[in-house]
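I opened the model today to look up a few things about helices, a ligand and a core. My notes are below the display.

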Amino acid sequence: MDYKIAASILNADFLRLGAELDAVVPLVEEIHLDVMDGLFVDNMSFGAPVVAGIRAAHPSAVIDTHLMISTPHKFWRDFVAIGSNIVTFHYEATDHAYALLRQLREAGVQAGISVTPATDVRLLEPIRESIDRVLVMTVEPGFGGQAFEPQMLRKIETARRLFGDRVDIEVDGGINRQTIKKVKAAGANVFVVGSFIFDAEDRAARVAQLREVL
Ligand code: DX5
Ligand code: ZN
């Protein structure tokens, strides 16, 4: 299994974002960018211009764009155009998940779909061939620094069983040195980590602690 750490910059120092990224990009497999519209979730973060700037500064970084927005069908093209490698939208945000997944693949990016804690991952079964990545939210989306929800472990197991090894099973929310063991054992292989990395002075030491577990 290919294990990947994706650093979420939501808890980075936005005034020093360039330096924050320079320090973290070499340490991780992916940069996870949380786009929030204040409608789908109770928070706003940043949009396409910020993602474009990050892409320009780090041409070969793998950019995983997590759209926590209520109108993904209106905006996904912007995030493809500026060079996301993976675009993940929420199942709950559209009645046309299948169409959107197909459009993403046709546009040349990996097609990701996310489920909030209350959504049954088995709803994705009918369209599983169209999915490259399933993002199982392990907190209610909207904010960094929340506690991991252990009820999601069963959902991760179900997702891995349903999708087999072809699909990335990604987890997001409350991942740290302790919880990464549990989600890995349940079948996840992509680990989004925000505050556990950015709340520490020594980011490299924090990533090394996670690597030890993986
Ligand atoms: C939450 C976001 C996450 C968040 C993770 O809605 O999708 O990516 O930044 O942060 P931590 O690791 O602090 O839970
Ligand atoms: Zn996220």
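These entries record what I looked up, one topic at a time.

**Ground rules.** I note that this is a predicted model, where local features need pLDDT of at least 70 and side-chain atom pairs count only at pLDDT 80 or more, while totals for chains, interfaces and linings use all residues. Residues are numbered from 1 along each chain as its sequence is written, chains are lettered from A and ligands numbered from 1 in the order in which they are written, and side-chain values use heavy atoms, with hydrogens and water left out.

**Helix α8.** I looked up which residues of α8 (residues 203-213) are buried, and found R203, V207 and L210. They sit on the same side of α8, because they cover an arc of only 55 degrees around the axis. The arc is taken from the directions from the helix axis to the C-beta atoms. Buried means under 20% relative accessible area, exposed over 50%, and partly exposed in between, with a 1.4 Å probe and protein chains only. Helices (H or I, at least four residues) and strands (E, at least two) are DSSP runs, numbered from the N terminus.

I then looked up the packing partners of these buried residues: β1 (4-8), α1 (17-24), α6 (179-186), β8 (190-193) and α7 (195-198).

**V207.** I picked this residue from α8. V207 counts as buried because its relative accessibility is 3%. Apart from neighbours within four places in sequence, V207 is in contact with I5, L27, V28 and I197. Contact means heavy atoms within 4.5 Å.

**Helix α1.** The buried residues here are L17, E20, L21 and V24. They fall within an arc of 95 degrees seen down the axis of α1, so they line one face of the helix. Their packing partners are β1, β2 (30-36), α2 (48-57), α7 and α8.

**Ligand 1.** How many residues surround ligand 1? I found 20, and the closest are D34, G142, G145, D172 and S195. A residue is near a molecule if one of its heavy atoms lies within 4 Å of it. An oxygen atom of ligand 1 lies 2.9 Å from a polar side-chain atom of S8. For G142, a backbone N or O atom is 2.7 Å from an oxygen atom of the ligand, and for G174 the corresponding distance is 2.8 Å. Taken alone, ligand 1 exposes 380 Å², and the protein buries 100% of that. Accessible areas come from the Shrake-Rupley method with a 1.4 Å probe.

**Two loop residues.** T138 lies in the loop between β6 (133-137) and α5, and G145 is found in the loop between β6 and α5. Is each buried or exposed? T138 counts as buried because its relative accessibility is 0%. G145 counts as exposed because its value is 57%. A polar side-chain atom of T138 lies 2.7 Å from the backbone oxygen of G173.

**Core.** The largest nonpolar core has 60 residues, and I131 is among those with the most contacts inside it. Helix α5 (residues 152-163) gives the most to this core, with five residues. Such a core is a set of buried Ala, Val, Leu, Ile, Met, Phe, Trp, Tyr and Cys residues joined through side-chain atoms within 4.5 Å.

Technical notes:
Polar contact = N/O pair within 3.5 Å; in protein donor to acceptor, adjacent residues only side chain to side chain.
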